[in-house]
Amino acid sequence: MSSPLEISVVVSTYQRPGHLKRCLQSLAAQQGVDGKYEVIVVDDGSQDETAEMVARFTRNAAFPVKFATHPHEGFQLARCRNAGIRIATAPYILFTDGDCIFPANHLRRHLDARRPGIARAGDCIKLDQAASERIDESAIRSGAFAKRVSFKQRLKLRRLHAKLLAYQMLHRDNRVKLTGWNMGVWREDLERVNGFDERFRGWGCEDDDLARRLRRSGVRVATALGYTHGYHLWHRVHSTTPQQWSAGPNVAYFQRPAVLARCLEGIRSRSLQHVSTRVTGGPSHAELSRQLAHSLRESTTGVEVEILLWNDGPANFTSDRGACRVLVATPEAVLPEAVQRAGHAVLRAELQQGPAAVIQGLHDLLRGIEPLAAPSRLAA
């Protein structure tokens with residue numbers, strides 16, 4: 001039996017019950033969506049009154065409210081959002097954080113923005129400390145908080161919207177940033193890429209990674225700013241937030257050359273043996289190809305990883321751009337630039353050692369670990 005709900009709102013939080021309370025109050029004030037939404041609060045292991053506050057709010061809420069938590073083991077936003085996906089029952093999921101509040105038509109406008117095969121990238125106006133501290137339940141219910149935003153802040157958001165529309169018109173959708181404090185994605189699209197990659201721990205990059213994998217699976221990312229935006233309440237930055245993006249704890253993993261559209265550690269945990277693979281190679285590697293195909297889950301359709309065994313002869317990748325393409329060669333092999341450009345990563349391995357060396361190297365590549373024989377870095 002299908003759910004009557006149209007949208008599930010996944011709210012991630014940690015140790016900010018005052019902010020979360022105002023976020024929930026803004027969701028309770030939504031108009032035009034009665035009976036169509038649920039709210040799922042996913043807590044990253046708070047040790048304060050967060051759980052009690054959510055329980056009190058739930059008793060009087062006019063919509064379903066669910067709560068999930070886990071032991072705090074560092075900043076695990078990807079884990080929180082995946083927990084929300086598992087609990088959600090609606091076909092469309094809106095992600096946000098517990099430090100954001102929204103206008104009364106926010107959910108209605110996100111529902112209006114839904115299109116098959118499109119993820120909506122929303123945004124928020126950042127409120128300063130003084131403005132944030134003045135916002136109470138009365139200001140949220142009346143919508144007065146939105147009137148306190150300066151003309152300069154509104155102009156900045158309008159300019160961003162115009163820039164994002166220009167990117168879309170120029171088919172540069174990769175410049176449209178998917179940000180977890182306000183983004184809407186179809187559940188089926190999230191399941192296709194296995195949700196958020198839980199190898200991202202600490203601040204940053206999990207949203208960029210999701211956007212990249214959604215695009216690789218065929219989903220477009222388009223701006224939602226023509227429909228709605230949120231408001232971000234001020235708070236001190238998290239301890240893992242770097243001064244520069246490039247210094248973030250997750251950047252190295254994000255920039256790994258071999259990326260699966262369907263990640264290994266997401267909504268469900270998968271091993272390399274669950275990854276559909278195609279092995280391509282010339283006659284000199286026929287036996288190694290056969291052994292790899294036997295050890296891995298070989299597939300000729302729906303290929304996630306294509307392994308091209310290089311042997312100085314004519315050979316090319318055969319899978320589409322959605323697959324992760326890995327060129328495997330001996331440490332001393334000279335690789336044609338055209339073949340290198342067609343792949344995502346080069347894995348150097350002693351092929352005479354058999355499939356074990358290739359499988360271990362591939363395992364390391366997909367987990368962002370440098371193999372002992374470092375691969376050439378290629379653009380994704």
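**Helix 13 and its surroundings**

Visitor: Against which elements do the buried residues of helix 13 pack?
Guide: Helices (H or I, at least four residues) and strands (E, at least two) are DSSP runs, numbered from the N terminus. Buried means under 20% relative accessible area, exposed over 50% and partly exposed in between (1.4 Å probe, protein chains only), while contact means heavy atoms within 4.5 Å. The packing partners of these residues are helix 10 (251-254), helix 11 (286-295), strand 13 (305-309), strand 14 (324-329) and strand 15 (345-348).

Visitor: What pLDDT do local features need in this predicted model?
Guide: Residues are numbered from 1 along each chain as its sequence is written, and side-chain values use heavy atoms, with hydrogens and water left out. In this predicted model, totals for chains, interfaces and linings use all residues, side-chain atom pairs count only at pLDDT 80 or more, and local features need pLDDT of at least 70.

Visitor: Which residues of helix 13 are buried?
Guide: Helix 13 covers residues 355-366. Its buried residues are Pro 355, Val 358, Ile 359, Gly 361, Leu 362, Asp 364, Leu 365 and Leu 366.

Visitor: How far does helix 13 reach from its first C-alpha to its last?
Guide: The expected span of a helix is 1.5 Å times one less than its number of residues. For the 12 residues of helix 13 the expectation is 16 Å, and the reach is close to it, at 16 Å.

Visitor: What is the radius of gyration of the protein?
Guide: The radius is taken over C-alpha atoms, and the globule rule is 2.2 Å times the number of residues to the power 0.38. With 380 residues, a compact globule would have a value near 21 Å, which agrees with that of the protein, 23 Å.
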